[in-house]
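Hi there,

Here is the structure I promised to pass on to you. Have a look at it first, and then read on for my notes.

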Protein chains: 2
Amino acid sequence: MTTEELILAAARKVFVQKGMEGSRMQEIADEAGINKALLHYYFRSKEKLFEQIFAEGLKQLLPKVQLSIEKSEGICDFVNFFIEYYLEMIKELPYLPHFVLHEIHRDPSKIVEIIKGQGLPFTRLQSLIDKDVAAGSIKPIQLEHLMVNIVSMVLFPVIAKPIIQAVLFGNNEIKYATFLEERKSVVIPFVLQAIGVKTN
Amino acid sequence: MTTEELILAAARKVFVQKGMEGSRMQEIADEAGINKALLHYYFRSKEKLFEQIFAEGLKQLLPKVQLSIEKSEGICDFVNFFIEYYLEMIKELPYLPHFVLHEIHRDPSKIVEIIKGQGLPFTRLQSLIDKDVAAGSIKPIQLEHLMVNIVSMVLFPVIAKPIIQAVLFGNNEIKYATFLEERKSVVIPFVLQAIGVKTN
DNA sequence: ATCTGGTTTAACCATTTAGTTAAACCATTT
DNA sequence: AAATGGTTTAACTAAATGGTTAAACCAGAT
């Protein structure tokens, strides 16, 4: 592992867990097992180092949408792919959503640049909905609300982990983990039923 | 307005917007129009002042659950009351959810104390569900998943405001505001349909 | 008027923290 | 083996920041 990769890995760990303002360059240096001055040698400033971690994080969060839309033949497919992908991702990177959301909240201007050129294929998704509505296989629903509903139900449970674990599961870590495991088999039917897909 | 209230109002504004780590005592003093030393005269430390704002914030977020459960005769009532209450609250305090979530994430031990003694009436809610399931008016669903689904769809849209506004509405503030206004009339039917309540 | 005691301020202190510098290190080339 | 040049370090600087202190302020009591 090169020094640069070492630094990035350490920065990722610290930044994602504590955020830009909660992180210290010294802590990142310690985590990487190097001198603090080396951080500045490889990445001029804290801001520059942070940008890299943040952009990388945001990019990991978005392409799932694109892929899910492209793979889908109908809205039902999309719901399945999308929820499955996202739940898979947060299992591996549970801190990512809160990190990205918090930093965007701190400086909303950062999205603009990164999202520019991403150009998600919402028109295709819209036509999938239109087709299914016309066929009478789902009830009419606004694309934006459907998207937000799904993303909410997938991401919020990890963003609010501490409070959910405390309020609903008496701070029992295992019960919370089980709960997360169940999400896939709960959220998919929940959404499908909500948009009026006939289930057996 | 007393000096103490002045400080609390300023601290609320700054802390809720920038979080504990992002806030400076000087900024709070400026916001309150007083000397920085006065903050320490009234509230010994940043930590103490913050605790007060945070506890107050968390308490504003929870009682809605209690009230909604107590007022409801069936799960359908609950869904209506709960969603309506929360959407009303975030209209007035849109920064609160992100603030509370972020600070809990930073130091999860804080919940434990505050939630202790809150004792939400989940057993009553469970019996409401059981009754409606037995009567065949709704499909079986786990209380915890239903709760999380609803809270997710209500709170996430404000937590993720910047990203939703950018990705879905081309950063058009008004379109986002309209979207939020529509949530009530979208989310309530969405949930009711999802749990199998017959709608006309 | 002046004494008293809570309130407010300006000036200060100690620590933390991002960032710099100059020297040391070390592999590769000559 | 001496020179070269990228890499790493220890020591340092400047600014920011939470917190303290001693004096000034000021309303109400004496």
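To start with a question: how far does a polar side-chain atom of Lys36(B) lie from a base oxygen of DNA strand D? The distance is 2.6 Å. Please keep in mind that this is a predicted model, and that every value here is computed from it.

**Around DNA strand D**

In Lys46(B), a backbone N or O atom is 2.7 Å from a phosphate oxygen of DNA strand D. For Met25(B), a polar backbone atom lies 3.1 Å from a phosphate oxygen of DNA strand D. As for secondary structure, α3 (36-42) of chain A and α3 (36-42) of chain B are the elements that give two or more residues to the surface near DNA strand D. The largest share comes from α3(A), with 4 residues.

In total, 15 residues are found around DNA strand D. Those that come nearest are Thr3(A) and Tyr42(A) from one chain, with Arg24(B), Lys36(B) and Lys46(B) from the other.

**Between the two protein chains**

Next, the interface of chain A and chain B. Here 53 residues of chain A are in contact with 53 residues of chain B. Together the two chains bury about 4600 Å², and carbon and sulfur atoms give 74% of that area. Three residues, His105(A), Phe156(A) and Phe190(A), supply 15% of the area that chain A buries against chain B, more than any other three residues.

How many salt bridges does the rule find across the interface of chain A and chain B? The count is 0. Polar contacts are present, however: 14 residue pairs across this interface, both residues at pLDDT 80 or more.

Several helices of chain A take part. α1 (3-22), α7 (96-106), α8 (109-115), α10 (143-159), α11 (161-169) and α12 (173-194) each supply at least two residues of the side of chain A that touches chain B. Of these, α10(A) gives the most, with 12 residues. The residues on that side of chain A divide into 34 nonpolar, 13 polar and 6 charged.

Terms used: Residues are numbered from 1 along each chain as its sequence is written. Chains are lettered from A and ligands numbered from 1 in the order in which they are written. This is a predicted model: local features need pLDDT of at least 70, side-chain atom pairs count only at pLDDT 80 or more; totals for chains, interfaces and linings use all residues. Side-chain values use heavy atoms; hydrogens and water are left out. A residue is near a molecule or strand if one of its heavy atoms lies within 4 Å of it. A polar contact is a pair of N or O atoms within 3.5 Å; within protein, one must be able to donate a hydrogen and the other to accept it, and residues adjacent in sequence count only if both atoms are side-chain atoms. Contact means heavy atoms within 4.5 Å. Buried area is the accessible area (1.4 Å probe) that two parts lose on being put together, summed over both. A salt bridge is a side-chain nitrogen of Lys or Arg within 4 Å of a carboxyl oxygen of Asp or Glu. Ala, Val, Leu, Ile, Met, Phe, Trp, Tyr, Cys and Pro count as nonpolar, Asp, Glu, Lys and Arg as charged, and the others, Gly among them, as polar.
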